[in-house]
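The contact between the chains comes last.

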Amino acid sequence: MSTAPVIAIDNVYKTFKRRVHALRGVSMRVHEGEIFGLLGPNGAGKSTLVKILMTVIRANKLSGTVLGRSVGHKPTLTQVGYLPEHHRFPKYLRAEQVLDYLAGLSGVPRRVRKKRIDEMLDLVGMRDWKRQRVGEFSKGMQQRIGIAQALMNDPKLLLLDEPTDGVDPVGRREIRDLLIRLRAEGRTVFINSHLLSELEMVCDRVSIMVKGRVAMEGTIDELTQDSRRYEITVKGTVPKDIVSSVDGRTESTTDGMMNLIVPTAQAESIQPVIDKLRGSGVVIHVVKPVRESLEDLFIRAIQTTGEDSATPGAVTGRRSKGGPEA
Amino acid sequence: MTAVFAILMDSYRSLKAQRLFKTVLVLSILVIVGFASFGFNAKGMTLFFGAVTIDNEFIHADSPHAKTLYLGIFSAFIVNLWLAWVATILALISTSSIYPAFLSEGAVELVMSKPVRRTTLFIAKYIGGLLFVVLQVSVFCLGAFLVAGWRIDEWTVSIFLAIPLVTIFFSYLFCVNVLLGVVTRSTLVALLFTLLFWFMTFGVRTADDILHTVWFQGEAMMEHWEQNVESETQDLANYKRELAALEDEGSESGLQYYRSQIKRTESSLVSLEDELADRKKLLSQLKPWVTTINVLRWPLPETSRTIGLLQRWIDQGRDVTMNDIMTGKIFEDEEYEEEDDFNRDRNAQERMMQREEGISAGGIIGWSLLFELVVLILAWWVFVRRDY
């Protein structure tokens, strides 16, 4: 995987109506060929950031590039596919006409459009509905058409805002597989989503935004590094000297067992602990490596970056390169 | 270019999908059928494809006025009433949603994120909106052209001038609609305020026409009283000269006659001068109103004058114009010639016509397009600068 940044932005500020500070110095890097997840609670500024990248809104202050050209450079958008959140297609258009219209706006020649319409509809499993008006489609079907239209211009970079919104579990899996396939083709995918479990399964790197700032950014492994540990489930109690010797802690489980939590990510480090437990006659049921889920990480980022957090990137993990206050 | 074509194609698809577009098209065809049902025979005019004949010695199949009247019905009534009123209201209802729908949440992001400049999007969408009128009026004019050719055996190509004229006329209103649609993003507000603007324009124009008609009637009246005063003054001078001559001769009966004439003329002159003063006062009272309405009309687009150009161009080169038929000039006889009131009204009407004809087509369209340009620049400015 190349590390050339496909998106490189620094100090993005956006204030609406001189009152609402949507973005307060966001900096971010998205590398070529990766699936990048942008997370954050409602009102964190995720969609605003995506809209700025797509020139739908203008930042008050910004320096950065998309595919090597300044943000706002319209011709660059011929290489970018975008699925907005809550998108609405003209109801009078048929599925194929939606793709034709939006690809036409992207400057895709008619001959190419004709060919790609069937390919893209096939890709999202909507070919049988190509002559159906989109106004008659369910949310999930519209979402599939949305993804198809984002791919019509054969983009190098794909920005998807809540791509699995309204899609059933089978559809979600298909979309996940599609994203992985797009990555394998060398495309960069930027996803903005609330579905953390979905992102966890596909994202190479994530960024968590809270209150208009990047609270965390990095690979999931990097971000969960501090939380990686081993859990040893035993029957009975763990001798206190063993607990203190590994700087660990214990917690009871619901089925009457006890967990010894050892703060290490190294399998080698856990072997002497197992030996000690066995030596003490403790029956070991399970030994497993554990790390924070993306959801845990997300919640931690929100809790840590409270109202009074003055510095962007205040949360542990890879700290963001946040700018000064807006 | 691909993007512009995509927007125009989308506009066409959007119109095609609208029930109202098809309804207006069907109604237009019905109006054309109605136009076709009117004709002429040797006795006069016929209605309902010859079912009813209205005898007329001036207008019949062999009369040259028939052609003028037939084309006049198209330009003065059908275009003025159907295209410039009913069809325009329906077109505004249809097109009011173009920009609000385009800028609605979920739709605007799809379009604004494309590699197309906002200015290009704005202009292409605007042209797309005008497509409604262009398509409707084109079908209508083609029908009218064929019907007129069949009915009066004259293939009047100038009928097709209605296409640009009605489109330009509609664009004066559509630009206001676009500005409101872009600013408020509400179809209803855009439509209602555009109609309000239109009716306001209509009101100002009607008030201006009425005031000018009254003004010209007043002027004609004043000229009439001035002539009377002049004539009476002349008579008085003559009587005085005759009286002086008779006083030398000493004929008492002659002296008495001229003295009584002088007395009557003097008294008549006083009342005529009073009347003239009243007329002048009336005109001077009217003057500020005429000026005010002129100022009010000045920045507004010339909606009806633009449509009126069609009549002007169709009448061009004809001996008898539709106005001659409408003002009864072709029917005039000696009896009416002597009616002062009738002449004065016609005089005022002719002055109104001269006033209208004094304004060039370039002036009418150019000034209105300037208004449209200003409104469009405002709308464009909001459109390109706004965050969506």
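Chain B holds 14 helices and three strands. Both kinds of element are DSSP runs, numbered from the N terminus: helices are H or I with at least four residues, strands are E with at least two. The model is predicted: local features need pLDDT of at least 70, side-chain atom pairs count only at pLDDT 80 or more, and totals for chains, interfaces and linings use all residues. Residues are numbered from 1 along each chain as its sequence is written, while chains are lettered from A and ligands numbered from 1 in the order in which they are written.

Chain B has a radius of gyration of 29 Å, whereas a compact globule of 388 residues would have one near 21 Å. That radius is taken over C-alpha atoms, and the globule rule is 2.2 Å times the number of residues to the power 0.38. Along the principal axes, the C-alpha atoms of chain B fill a box of roughly 110 × 55 × 30 Å.

Of the 388 residues in chain B, 31% are buried. Buried means 20 or more other C-beta atoms within 10 Å of the residue's own; exposed means 12 or fewer, and partly exposed lies in between, with C-beta atoms placed from the backbone. B:Glu230 sits in helix α8 (residues 187-249) of chain B. B:Glu230 is exposed, because 11 other C-beta atoms lie within 10 Å. From B:Glu230 to B:Leu269 is 39 residues in sequence, and 9.1 Å in space, C-alpha to C-alpha.

Now turn to chain A. Helix α5 (residues 169-184) of chain A has 16 residues and reaches 23 Å from its first C-alpha to its last. Which residues of α5(A) are buried? They are A:Ile175, A:Leu179 and A:Leu182. The buried residues of α5(A) fall within an arc of 65° seen down the axis, so they line one face of the helix. The arc is that of the directions from the helix axis to the C-beta atoms. On the other side of α5(A), exposed residues include A:Asp177 and A:Arg181. After α5(A) comes A:Gly186, with a positive phi near 95°.

Finally, the two chains meet. 26 residues of chain A are in contact with 23 residues of chain B, contact meaning C-beta atoms, placed from the backbone, within 7 Å. On the side of chain A that touches chain B, helix α2 (residues 95-105) of chain A gives the largest share, five residues.

Technical notes:
Expected span 1.5 Å × (residues − 1). Contact = placed C-beta atoms within 7 Å.
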